[in-house]
Amino acid sequence: MDDVSDDESDDNIEDINGMKIYLNNLMKQINETALIDIRQSFLEYLNGKIKENQLRDILIPYDIVLSNKDFHPMFSKIDVKKNGTVNFLQFVTYLASEFEIKRKYNEFLSNDDTELSKLKPKLLPNKLIEYGGTDTIQYVDIAFFPKKIKQSQKEPDEPEYIAASKLGKIVRYKADMQLKNTYQAVPTVTPVDVNGLVAMPEFGVICLSVMGGQLLFYDMSSGQFKLCLIVSLWECTIATCVAHGYAYCERQKIGSSKIAVADQHGTVSVLEFMSSDKWNPFKDKSGDADDTPTYHFERLADQTPTGPAVTKPPSAKRPPSIRAYPYRKLHNGSPVEQIVFFNAGRSFASVSLSDRVAMAQCHMINQPDHCDIRGSSSAPSAAAPSVRYTANLTGFACVCAVGDAQLATGSPDGAVRLWNAEGDRPPGPVDCTTLLGHGWGVKRVSHNTVNGHLYSVSTDAVVKVWDLRRATCLLTFDGLTVAAESNNKQLWPFAVMHFNWSEQTIVCVANGHGSFMTVECTKPTVAGQDVSRLHDDKSHETPVVKTLYNALYRVLISASAADSSVSVWNLRTGQVIIKWSMAHTEEVYCEVLPVEITAANFDPSGGLLVTGAVNGSVHMWDPNTGVCLNRLRTPSGCRISEVFWLPNKILVTGLDHRVTEFNNPLLLSKGKVWLSNHDEPVLSACVKLPSLFVTTTQAGVMGFWRLETGQLTKKYKARMRPDTRKSKNSSSATSKSQLTSTLVSKSQISTLSYVGSRIGDTGTTETREEKLKRLDIKHTPREHYAAVATHFLRARPEGSNIGTLLIATRNGVVQIWCTYKVPKYISQFVAIHIPDDYVTSMVSDPKSKYLIMSFESGYIKTWLVTNFGQPRHTIYDVDMPSLRLRFPFLIIIFFMGRAERAASKNMNGPLLVSAYRAHLQRINHVEFIEKLELVVTSSVDKMIRIWTLAGHYVGTLGMIWPSIPRARPVNILQFKIPADIQRQASFTTIQVLKDGVNSSLRSPAIWDKLELLRQQRDTSGKKGKRKLHYEKCPDLPLHDVHKEYLKTKTAPIIRPVVIKIDESKPRIKIHKHVPLCDLDDIPRIPKLEKTKDESAPKAKLILFK
C-alpha cells in the first residue's frame, strides 16, 4: 500500500504525549473472534513468523491503513529481537502495551484535578505571625490537628495548627494561620526551654519536650489546655528530636500510641500508651502540676514485660498501661538528627551524622503482631534482630517512612536514598536506590501519602518532587529560596518546617522572620498573585553527555553523566516521554551508586539503544519501555570513549588502548579484544561501512582497521602541517602554544642523547618534557596533537585525492584525509578563534555540504565544505547571495568579529557561514536532524538546546516549547536569545541570533563616525590615493556631475537623503561607487624625424592628464 498518503496515515494514528498508537482502529473492533482469526493468519506462515509486508496484509481487514514511514516504526517496536520477523505472541504483547497506554491516558483525562496540577507547588502570600505580643517569637516546632468529630455532641472540630515557642508559649492557629488562642505551658517563674513538640491526634493531646528531661502532655480537646501527664527522663536531659507513631488493631479494638525521644548522646527512649475505644489514659486525671500523675521512665522500663504485649484491653480500674523501651547509645555518642516509625509501628529508624552508624533500625520484638496502622493492611512480623545499622560516609540528616517497608534518607552530600527495610539483614547495596539532583545537603524528606511522591528539601531551600516508581525527579521548586542565605547555603535557613499532607501544604518559619511561609501542593494557581518559580532551565539534573535523534520513532534520546539517567523526549512538545535513572550502577562500600555514562548509540535498525559507562559496562535498552535487554562488560573495565552497534556486533573503544568486540549483542558474551592496540588511550572513533574503522588516540595517532578481520592496517600521526604555519609577523587569535611550538632540531636531539635520565626531587625519573624545559628548548607537548573528534563525510564518493575523513586535534586544527585505498593527508585549517579552545564534536548534513562543530568554549560553527578537500578539477560554484540570505553571519557590517578574522586567515580552508555561542560551558555533543534542519547541542550546563541551521534559537528541552512541524524545515519568525547567553554574548552572536537585526547597525551617527575615521585612515601618510566620494549611492547619476567632483580635492562628509526601505530582511549593501567620466579619443601623434640642424624648431610635446 505505497499509495497511502501521509495525511491519511496520520488520521489513523493517535499521539499520546509523544507515544503513537498505531492500532487504534483495531482496538475499537477487537474481540475474541478477531484474535483467533489473526492467530490463524500467523500460523499459515512457516513457524508462525511473518515479515513486515505480510503483517500489513493481515491488518488490512481491520482498517489499519498506514504509510511506509509509519508502518515501519510500528513493526520495529513489535520486532524486539530485531531479526526481521515477528510471531503472534510479540504482536499481542505490543497490542496490550498500546491498550495500557490508552487506558492510563483516559484515566488521566477523567480526573478533574490531574496529577500534573497536583504536583505544581505554589508559594502563598506570607502570613504575619500573631501570638498576642510585639516581639519576634522563636518557634521550635509546629503540629497539626485534623478535623475530628466529638463523641458527645457529634460536631466536628475544625482543623488547627499548634505552635510551641522556646519559652513555652503555645499558640493555636486556624487552617489559614489566623490566631485563635495563646497559652503558657508552665509558670513563668520556672525557667523553661522547650526543644520539641509532637501532636497525638488520636487523644487530642500534645507532648512538649522540655530541657531537663521532662515530657509534658497537655489535653487540647474542646478548646481547653490542661496538663494531664508528666514523664521524667533521667538520662535524656537535652532532647534533639521527638517522633510519634500510632497503630490500631481492628479485631481486638486496641490502640498503641508511641512517642520516641532522642538526645545528643545517641540514646532513644520510646513510650507506648495502650488504649481502647472506651478508655483514654490521658483523661484519668487532669489539673495542675501538683495533681498531675508523674512517671519515671526508668521505673516504667523495669515494669515493662519483655514478651509479647497483652492483647486484652486494659481495665478502667487499673492504672494506665504505659510501657517504656530504652535504646542506649545507638549512634556511638553522636546526636540523633531525626526519628521515624515504620512497619506498622513495630519498628523505628533513627539517623545521625556518624559515618559508621549513620542509620539504626530497631525492631521492637515484644510488640503485638496483629496491630497495624489505622487504614492500612496488616503486615506479618519477622524474626529480625533488634538493631540493624547502616553506614554512610557523610551520615544522614533526615529520614522518613515510605509505606511500611521502605525508608527514605537525606544526607549532607546532596543525595536522597531509598532503602528497602524488609528482611532480617541490614540494608545492603541491593536494597538502596540513590536519587541525585540536589546541589547542597538534603535536610528534610517527606513522603506524600496522597500522590505517592517523595518531597526533599536541601539547605539552599530548593524543593524537589521525586517519582519513586521510576526513581526520577519530576520537578524542582525554588519558591522558598528567598529565605536562604546567599553567602552561606550550607546553613539550614528554617527554624520550623512541617509537612501537612492531609491539607497538601508545607508550613515553615525562617530564622529571624516574623511570618509563616506556606507552600500549597494541590492548587495550581493562587488568586491575584503568582509568586512561585519552577525550575525550567535545565533538561537534566547533571551534565548531558550525548543527545541522539531517532529517525525511526522521531524522538530525541539523551543520556546524562553523574546520575546515569536516560530520557526520551517528544520533539514536538519538548517534554519527557519516559525517563529512567540508575542505568549503570556499581557497588561501593555496600551501597549501589550510579555510574557515569560516557557513550551511547543506536543499533542498525534504530529501534534499540546501547550505552557505555566509565566502569566498562555496556547495556542494551528498549527506548520505548526503558527495559534493559542485556548487560555486557569489557575485560579491562576501563572508561569507554565510543560504542558502535554494527550488524551482528558491538565495537567498544576506551582508555584501555584497545578495541573490544561483542558478537551477538543480545546474548551473553565476554567480548574479544582485537590483537593490535594503541600505545595511548583511544579518545574517538568512527565507522564507515562496509570495511573501515578509524580510531584516534591522545598522542594524535590515527589507526585504520578492517572491520571484517579486526586487523590494524595503517598508523599515522597528526602533526602541524606547513600550510597552516604562521609567519613571525602574522598575528592570530590562537593560543600562545600554537604560535611558539616548533619541532626540536637534530642538533638538539643529539645533545639530548648525551644527557642521561635524571632523578627529580620527588624520586621519579625526569620526563622528556621536563628535560626539554630544563634545557630551555622549545617543544610541543604530546597532548597538543591529541585527536579529540573524528567524522566521515559519507556523501562524498571514494576517489583519489578526495578527502572524506575529518580529524580534529587538541590544538584547534581540523585535518581532512583521503581514505581511498591508502590513507593520505589532504589539507587542514584552524577552526578556533579563542586561545586554548578545541573542537569537541562534529556532524554534517546528509549531503556533506555543511559541517557543524561544537567547541570547548560553548560555540557552534557551521562551515561550507563543498570545495574543501576536493581535487582542483572538482570545484563547485558557491552562490554567495543565497548564503547571505540564509545565514545572518554573512551579512556585511562595518567591522569583522573574532571568528570571521580568524577564519579569513585559512586560505585553503572552508567557508565559515555561521558562528555563535550556544552555551556558556563545554558542548559535549552536537546532532543534526535532516528533515527539520535542526541542530541539537548537549552541554555540561545540563541543558539540551535546539537551533536552526542558520543559528536561530528554537528552545531548550523541558522549557516552554514552540510548535515544530513534522517533516519540513523549521522557520523561526520571532528571534530570541537565551537569558544566560544574552548576558555574555558577543556582537557576532547577537547578530546571528537576532537574524542580523541590531540597533547599532541602524544608527546614522555610527555610520557618520565610521566614515570619518575611514577617510582619516586612508589619507594619512598617503599621497595621490584615489578617494571615494560616497559610501552609498548618490541621488543623481555620476556622469552628469563628474566635473563638480573633479574640482573638489576632499570630499565633504555630507550624508545623502536616506531612502526608507524594508530593512527587515537580509540584504546586500553596495559599499563603494567609483566616479566615472567619459574619455575623449586620444589624438594620433605624428612621427618626428631627426635633423642635424639644431636651429630647427622642436616638436611640441602633448601631455595627457
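This predicted model holds 26 aromatic pairs. One of them joins Tyr 139 and Phe 516. The two rings are stacked, with 6.2 Å from centre to centre and 20° between the planes. The pair links distant parts of the chain. Tyr 139 belongs to strand E5 (residues 139-145), Phe 516 to strand E34 (residues 515-520), and 377 residues separate them. Tyr 139 has a relative accessibility of 4%, so it counts as buried. Phe 516 is at 1% and therefore also counts as buried.

Another pair is formed by Trp 674 and Phe 693. Here the ring centres are 6.0 Å apart. The planes meet at 85°, and anything over 60 degrees counts as edge-to-face, so this pair is edge-to-face. Trp 674 sits in the loop between strand E48 (672-673) and strand E49 (682-688). Phe 693 sits in strand E50 (residues 692-697), so the contact ties together parts that are 19 residues apart in sequence. Trp 674 is buried, because its relative accessibility is 5%. Phe 693 is buried too, with a relative accessible area of 0%. Ring pairs also bring in Phe 644 and Trp 705, giving a cluster of Phe 644, Trp 674, Phe 693 and Trp 705.

E5 pairs with E8 in the antiparallel sense, over 6 bridges. Within that pairing, Phe 144 stands opposite Tyr 161 in E8. How many of the 6 residues of strand E8 (residues 160-165) are buried? The count is 6 of 6, so the strand is largely enclosed by the rest of the structure. In a regular strand, side chains alternate between the two faces of the sheet. Both faces of E8 are covered. Glu 160, Ile 162 and Ala 164 are buried on one side. Tyr 161, Ala 163 and Ser 165 are buried on the other.

E8 also pairs with strand E9 (residues 169-174). These two run antiparallel and are joined by 5 bridges. Ala 164 stands opposite Ile 170 in E9. E8 and E9 form a hairpin, with 3 residues between them. Gly 168 lies in the turn and has a positive phi of about 90°.

Helix H5 (residues 68-78) is another buried element: 8 of its 11 residues are buried, so the helix is largely enclosed by the rest of the structure. The buried residues are Asp 70, Phe 71, Pro 73, Met 74, Phe 75, Ser 76, Lys 77 and Ile 78.

Next comes an open sheet. Its 5 strands run in the order E11-E12-E13-E14-E18, with mixed pairing. Strand E11 (194-200) and strand E18 (294-296) are the edges, each pairing on one side only. From one strand to the next, the twist averages 20°. Inside the sheet, strand E12 (residues 205-210) and strand E13 (residues 214-219) pair in the antiparallel sense over 6 bridges. Leu 208 has Leu 216 in E13 as its bridge partner.

Last, the empty space. Rolling a probe the size of a water molecule over the atoms shows where such space is left. There are 10 cavities of 30 Å³ or more. The second largest cavity holds about 70 Å³. Its lining has 13 residues, and Leu 436, Trp 466, Ala 471, Asp 563 and Ser 581 lie nearest the centre. Strand E27 (432-435) and strand E31 (472-477) are the elements that give two or more residues to this lining. What classes of residue line the second largest cavity? The lining has 7 nonpolar, 3 polar and 3 charged residues.

Conventions. Residues are numbered from 1 along each chain as its sequence is written. This is a predicted model: local features need pLDDT of at least 70, side-chain atom pairs count only at pLDDT 80 or more; totals for chains, interfaces and linings use all residues. Side-chain values use heavy atoms; hydrogens and water are left out. Two strands pair if DSSP finds at least two bridges between them. Helices (H or I, at least four residues) and strands (E, at least two) are DSSP runs, numbered from the N terminus. Axes are lines fitted to C-alpha atoms, for helices over the stretch in contact, and angles run from 0 to 180 degrees between N-to-C directions. On a 1 Å grid over the protein atoms alone, a cavity is a set of points where a 1.4 Å probe fits but cannot get out, and a pocket is an open set with protein on both sides within 12 Å along at least five of seven lines; lining residues have an atom within 4 Å of a point. Grid points are joined across faces, edges and corners, and a volume is the space filled by probe spheres set on the points. Ala, Val, Leu, Ile, Met, Phe, Trp, Tyr, Cys and Pro count as nonpolar, Asp, Glu, Lys and Arg as charged, and the others, Gly among them, as polar. Buried means under 20% relative accessible area, exposed over 50%, partly exposed in between (1.4 Å probe, protein chains only). Rings of Phe, Tyr and Trp (its six-membered ring) pair if their centres lie within 6.5 Å; planes under 30 degrees apart count as stacked, over 60 as edge-to-face and the rest as tilted.
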